[in-house]
Amino acid sequence: MRDAFCVADGGVGLATDVVILSLLALSAWLVLRTGRISLGQQAFFGIGAYAAGIATTLAHWPLAAALAVGMATGALASAGVALATARLGGLHYAVATLAFAELTRLALLTWRLRVREPDGSWVGPDGVDGFRDIRWLLENQVTPERFLAMALAVLAVVLLALLWLGRTRAGAAMAAVGHDDGLAAASGLPVLRLRVAAAALAGALAALGGGLHAHRLTFVDPNAYDPMLGVHAVGYALIGGLATPIGPLLGAAFDMFLLETSKLFGGWRMVVFGGLVAIFLRVRPRGLLDEAFVHRLVAAWRRAFPATPQRTTHAHP
């Protein structure tokens, strides 16, 4: 994690990394909402990084279009994995996603797509040497502060979209599948289609984070997409809570702002993080912001700020 997300460039860089990790955590949260645990979201993170990097570096596309291409690629790959593992569940599904992520990492380590630029330089993925010179931000003079603002805007749009999705019939159906897929199927819900749709959306979010990450660092290393990155993504969702997309954001912020930057834990950071996940699984299996806690917060808000009753006017003859 420390190799993939550098904290040496100050608060702006750290805040940007939290935003990027929040997108990855939201992708793991979406899969968890349908009753499955994916330990392979880092695969779609890497796929999005490479796809977006190729779009800006080799095709010279603008960043927005490159990120869209990365999201589409991540969504297709994730939907394909969901279809291929449709009959798996529980630990078998988690191991299958982890295996896919490792195969993806190994494939990226051997993939070379070098293109000669007009100035004589070579750009593109270069196997074990990674993918360097993703210089769109530098070429367009985008400062770290401006890039942070862009990333925050993207995260805000994603968060609002997920909150809206949770209030729709499709969002309620996904939550029902996550609580009891057997009961959901007996009620006539298309369990497979809902899980594939959730996986596709999760893959798109992970790829979006990967595209932002690649352009922030100007290079990507396939070894950064190791199993620990996927474990952290799931851990953020489990600690923060499954009832609301705000939960994974809390988990990511807690880990990066407190554990990653604190000298108190030193080399025990991973032990502390793993211990917290274990405690939450035992004490609060659906995280800090679980359904009961969110319901109490909403009830307290409504008591503190009651809705103003609407006046009704009666027409007189």
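Is D133 buried, partly exposed or exposed? At 39% relative accessibility, D133 counts as partly exposed, where buried means under 20% relative accessible area, exposed over 50%, and partly exposed in between (1.4 Å probe, protein chains only). The structure is a predicted model, in which local features need pLDDT of at least 70 and side-chain atom pairs count only at pLDDT 80 or more, while totals for chains, interfaces and linings use all residues. Residues are numbered from 1 along each chain as its sequence is written, and side-chain values use heavy atoms, with hydrogens and water left out.

First, the overall picture. The protein has 13 helices and three strands; these are DSSP runs numbered from the N terminus, with helices (H or I) of at least four residues and strands (E) of at least two. With 317 residues, a compact globule would have a radius of gyration near 20 Å, and the 21 Å of the protein agrees with that. The radius is taken over C-alpha atoms, and the globule rule is 2.2 Å times the number of residues to the power 0.38. Along the principal axes, the C-alpha trace spans about 85 × 50 × 50 Å.

Of the contacts (heavy atoms within 4.5 Å) between residues at least 6 apart in sequence, 76% join residues at least 24 apart. The protein exposes about 16,000 Å², and carbon and sulfur atoms supply 66% of that area; accessible areas come from the Shrake-Rupley method with a 1.4 Å probe, and for residues only the protein chains shown count as cover. The mean positions of the 25 positive and 19 negative charges are 12 Å apart. Here Lys and Arg count as positive and Asp and Glu as negative, with His and the chain ends not counted, and each charge is placed at NZ of Lys, CZ of Arg, CG of Asp or CD of Glu.

Now to the strands. They form an open antiparallel sheet in the order β1-β2-β3, two strands being paired if DSSP finds at least two bridges between them. β1 (115-116) and β3 (131-132) stand at the edges with a single partner strand each, so one side of each is left without a neighbour in the sheet. β1 pairs with β2 (residues 122-125) over two bridges, and R116 has W122 as its bridge partner. β2 and β3 also pair over two bridges; here R132 is the bridge partner of G124. Five residues separate β1 from β2 in their hairpin, where G120 in the turn has a positive phi of about 95°. The hairpin of β2 and β3 has five residues between the strands too, and G127 takes a positive phi near 60°.

Most residues other than glycine have a negative phi. D133, in the loop between β3 and α5 (136-139), has a positive phi near 60°. Q141 also has a positive phi, near 55°; this residue is found in the loop between α5 and α6 (144-166) and is exposed, with a relative accessible area of 69%.

T34, between α1 (10-33) and α2 (41-57), counts as buried at 3% relative accessibility. Leaving out residues up to four places away in sequence, T34 touches M174, V177, G178, R195 and A198. R87, in the loop between α3 (63-84) and α4 (90-110), counts as exposed at 85%. The C-alpha atoms of R87 and L192 are separated by 9.3 Å, with the two residues 105 apart along the chain.
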